[in-house]
Amino acid sequence: MTSTPSATLNVSDTQPKETVVKKTRKPVHNCHSCLLNLGDHCWLYEYPRGQWTRKKRCPAFENEDVYAKFREWETKPHVKTAKDLRRDVFRRTKKSEEHHNHFGGGTLP
Ligand code: SF4
């Protein structure tokens, strides 16, 4: 018994598959000198890449009104999230370990 390849072809294989583009929060190259660029995300926009499509320029880039709001926000006290607290603990322990290893914490032969 032989089966032809067309007999086993599934209908869903012939239709184009949907591509899911993940929208990243990371600022793009054009955001390099922007004050609102916080490294891994933008202070204002959830999807920075969307602000720089084709010939469109980000409306908040070098916008002094928005920058003033950001500076005002920076001066306000902030509640640390659980993630921030975890990062602080991790950084503190990492620094102290490096310090102890550097200054006699290691074992000598
Ligand atoms: S405000 Fe615009 S230019 Fe600035 S980081 Fe966000 S997306 Fe980039």
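What share of the contacts in the chain with a separation of 6 or more comes from residues 24 or more positions apart? In this predicted model, such residues account for 25% of those contacts, where two residues are in contact if their C-beta atoms, placed from the backbone, lie within 7 Å. Local features here need a pLDDT of at least 70 and side-chain atom pairs count only at pLDDT 80 or more, while totals for chains, interfaces and linings use all residues of the predicted model. Residues are numbered from 1 along each chain as its sequence is written.

The score used is pLDDT, the predictor's confidence in each residue, from 0 to 100. The chain averages 81, and 72% of the residues score at least 70. Helix α1 (residues 5–8) has the lowest confidence, with a mean of 50, whereas α3 has the highest, at 96. Over residues 1–7 the pLDDT stays under 50, and the model has one contact beyond four places in sequence for this stretch. Where pLDDT is low, the predicted coordinates should not be read in detail.

Next comes the overall fold. The chain has four helices and zero strands, running α-α-α-α from the N terminus on. Helices (H or I, at least four residues) and strands (E, at least two) are DSSP runs, numbered from the N terminus. Helix α3 covers residues 64–75, 12 residues in total, and spans 17 Å from its first C-alpha to its last, close to the 16 Å expected at 1.5 Å a residue; the expected span is 1.5 Å times one less than the number of residues. None of the 12 residues of α3 is buried, so this helix lies largely in the open. A residue is buried if 20 or more other C-beta atoms lie within 10 Å of its own, exposed if 12 or fewer, and partly exposed in between, with C-beta atoms placed from the backbone. Of the 109 residues of the chain, 8% count as buried.

The largest nonpolar core has six residues: Cys31, Cys34, Leu36, Cys42, Cys58 and Ala60. Such a core is a set of buried Ala, Val, Leu, Ile, Met, Phe, Trp, Tyr and Cys residues joined through C-beta atoms within 7 Å. Cys34 sits in the loop between α2 (11–14) and α3, and counts as buried because 22 other C-beta atoms lie within 10 Å. Cys34 and Ala60 are 26 residues apart in sequence and 8.8 Å apart in space, C-alpha to C-alpha. Leaving out residues up to four places away in sequence, Cys42 touches Pro27, Cys31, Leu36, Asn37 and Pro48.

The ligand has 13 residues around it, of which Cys31, Cys34, Cys42, Pro48 and Cys58 come nearest; a residue is near if its C-beta atom, placed from the backbone, lies within 6 Å.

Two residues stand out by their backbone angles. Most residues other than glycine have a negative phi. Arg54, however, has a positive phi of about 45°, and Glu62 has one near 55°. Arg54 counts as exposed because it has 4 C-beta neighbours inside 10 Å, and Glu62 is exposed with 11 other C-beta atoms within 10 Å.
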